[in-house]
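The sequence and the structure are shown first.

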Amino acid sequence: MSDEPSEETLEGLRALIQNEKDKLSQLEQEQKDLDQSIRETQNLTQQFRVRTQNLQQDLDLDQIRTKDQEAQDQEQLELGKQEEQELKMELEQVYSELSEEEAKMEKLRARVDVFSGAPERSVVFCGHTERPGKGPLFNMEPLVEYPMEGGTAFIIFEEEEVAQRILSMHKHKVDLGGEFHLNVEVRPVSIILPSSVQVQAQVCPRRILVSCLPQMDKARLEDKLYIHFSQAKNGGGAVDEWHVQEESGTAVITFMQDNIAKGLTDVEFHDVKLSEGTNRVRVTPFINGNVTDLQTRFKLCQRTVLLTGIPDIADPETLQDLLEIHFQKKTSGGGEIEAILYCPVGQTRTALFHTPQKDK
Amino acid sequence: TPLTFQICADLPDKEVEFIKPKPGVDDVTSEAPIRGQFSVYQQGALLLKEGQALITFEEERDALPVCQMPSLCVRCPPRSVSYSCPRVLSLQIHLAVSRCDLDVSEVVSAMPNERVEDCLALSFSRPSRGGAEVQSVKFNPRKSTARIHFQRTGVAESLALRGEFSADLGFQTKVKVSPVFDVQLHKFQVNSCGVPKRTLLLDGIKDTGDEEEEQDQLEIHFQKPSNGGGEIEHTKYLVGVVLCSTWCCCRVE
């Protein structure tokens, strides 16, 4: 007998069949395994597919998010740029405001400079006391020349109440002696006074003010000043006008050109041949002023009255005396008279009005 | 551009009275305007302290008076004072007020210009309203103003004083009236406060307790020519703890 099962014997065939059955089972088993494997792999593939999808979705989402973020960031950038622009403009404005303020400061400095160059005048205490207020304190001295109409007279009484009494009577019968009398009317007097003035002041480019002048003959002084300031070597130039203001002890020189005065005022002190030898004079800017506004008020005289309708029936002196006598009488309602001025018909007289001196 | 600045001056109310006739030859006509010369000057104030005195003499002293007072006092060096306003302005306003002209404003009317002028002439010539014979009327329709020229003086002044007038411009209406004047600026100057010539500042005056007596003593002392003094115009002496300091007004002269 051999080991190998043969096809010739029945057992051999049975064994071969059994072998083939075993192989079949094996194959079937293998097939099962493979199927299993396939299923697993398919499952895995599916899982991977799902995973891939998810990942893709996530990726897409991320991309969208990124785009959004980019957009936002871009917006922020734009905003930031705009802010920067605005801040730059603000800075520009502040710089321009600053330079404006600096210009103003310069102007004020220049103004102070102009004023600091004002010639000195001696000061006097005028007697009254007053706390300095917010604005500058001004005083005013009026001097009024009143041309009189013919047939009128001014009377100033010593007492206010006398004047008021005379005014309240309106018409007066002035006794001329005998049966004669004349009728006069009495009226109050109002004078226009300035109540406020606005002046526009400007440094004159063509003029200079010369101070610290010595005491000498006016005409000679004017000549010497003219000679000195018309010479270019002294910083001067062609002179248009020149005169000495005796009251203030200063001289005003007007040049033809605009470019001379500044140079002279910048130097300020000049040595000029005036009296004997040379004198040191001071040259400062001349300030032009003109009135831009004037407000006035009517000031009623308290002690002065105006007589009108005085007929021309006697010589002026006699008439004035008669009037004075009448208005001094208490019986006429009058009182002490300080002054009287009668203007005859056909003639002219000028009355002076000013603030009366107060007695100490 | 030249430096320009504005100065606004409020002027005080001053009393004005007839004082005397104008001296010299008078060649002015009675229609001449009323001429006013107003000297305006800025005042700087000097702060006077306790124990100090200010004396203004009527005339300039060549040599300032000797100080031999019972109470010790010294003459203040002139440069040691400071003023509230170191630079002061002064100017002169020349005002010429017309005696025959009157300015009228708020003349509102729908009538033609000639009619308005006629109506104004008529209204202003009525004595019952204070008017008088009118020589001419010039109407400015753009500004609603008119200028009336009267035949004689005196009318314009009394009407201007009232401020308004009842005119007949086809209907009764109130118009405003004001004087006509010409303004000129003279002697405009800016000055620094310099050394006082007539004013003396004293310091270190001992307080005897009686301000009036002390002030009198000072005046007596400084009026004596033997002390180098003279007629006094103003004095201000400050004593006591109540009033520590007072501002004294000074002006340039």
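**Basis of the values**

This is a predicted model, in which local features need pLDDT of at least 70 and side-chain atom pairs count only at pLDDT 80 or more, whereas totals for chains, interfaces and linings use all residues. Residues are numbered from 1 along each chain as its sequence is written, chains are lettered from A and ligands numbered from 1 in the order in which they are written, and side-chain values use heavy atoms, with hydrogens and water left out.

**Chain B**

Chain B holds three helices and 13 strands; helices (H or I, at least four residues) and strands (E, at least two) are DSSP runs, numbered from the N terminus. Of the 253 residues in chain B, 47% are buried. Buried means under 20% relative accessible area, exposed means over 50%, and partly exposed lies in between (1.4 Å probe, protein chains only). A contact is a pair with heavy atoms within 4.5 Å. Among contacts in chain B between residues at least 6 apart in sequence, 77% join residues at least 24 apart.

**The interface of chains A and B**

Chain B brings 88 residues to the contact and chain A brings 80 residues. The area buried between the two chains is about 8,500 Å², and carbon and sulfur atoms give 61% of it. Buried area here is the accessible area (1.4 Å probe) that two parts lose on being put together, summed over both.

**Salt bridges**

Side chains of opposite charge can pair when their charged atoms come close. The rule for a salt bridge asks for a side-chain nitrogen of Lys or Arg within 4 Å of a carboxyl oxygen of Asp or Glu. Over all chains, the search finds 16 salt bridges, and across the interface of chain B and chain A the rule finds four. The table gives some of the pairs.

| Pair | N to O distance |
|---|---|
| Arg99(B) and Glu149(A) | 4.0 Å |
| Asp13(B) and Arg297(A) | 3.9 Å |
| Asp13(B) and Lys299(A) | 3.3 Å |
| Glu20(A) and Lys23(A) | 3.7 Å |

Asp13(B) forms a salt bridge with Arg297(A). This pair crosses between chains, from the loop between strand S1 (4–10) and strand S2 (17–21) of chain B to strand S10 of chain A. Asp13(B) also forms a salt bridge with Lys299(A), and here too the pair crosses between chains, with Lys299(A) in strand S10 of chain A. Which of these side chains are buried and which are partly exposed? Asp13(B) has a relative accessible area of 46% and is therefore partly exposed. Arg297(A), at 25%, is also partly exposed, whereas Lys299(A), at 15%, counts as buried.

Glu149(A), Arg99(B) and Glu157(B) are linked in a network of salt bridges. Within chain A, Glu20(A) and Lys23(A) lie three residues apart in helix H1 (residues 10–116), about one turn of the helix. Both are partly exposed, Glu20(A) at 45% and Lys23(A) at 48% relative accessibility.

**The second largest pocket**

The second largest pocket has a volume of about 780 Å³. Of the 40 residues that line this pocket, the closest to its centre are Arg187(A), Leu306(A), Gly154(B), Glu157(B) and Ser158(B). On a 1 Å grid over the protein atoms alone, a pocket is an open set of points where a 1.4 Å probe fits, with protein on both sides within 12 Å along at least five of seven lines, and lining residues have an atom within 4 Å of a point. Helix H2 of chain B gives the most to the lining, with seven residues.

**Single residues**

Most residues other than glycine have a negative phi. Glu106(B), however, has a positive phi near 60°. Glu106(B) sits in the loop between S6 and helix H1 (113–124) of chain B and is partly exposed, at 43% relative accessibility. Ser144(B) likewise has a positive phi near 60° and lies in the loop between strand S7 (134–140) and strand S8 (145–150) of chain B.

In chain A, His228(A) belongs to helix H3 (residues 218–229). Its relative accessibility is 10%, so His228(A) counts as buried. Leaving aside residues up to four places away in sequence, His228(A) touches Asn234(A), Asp271(A) and Val272(A).

Note on methods:
Points joined across faces, edges and corners; volume = space filled by probe spheres on them.
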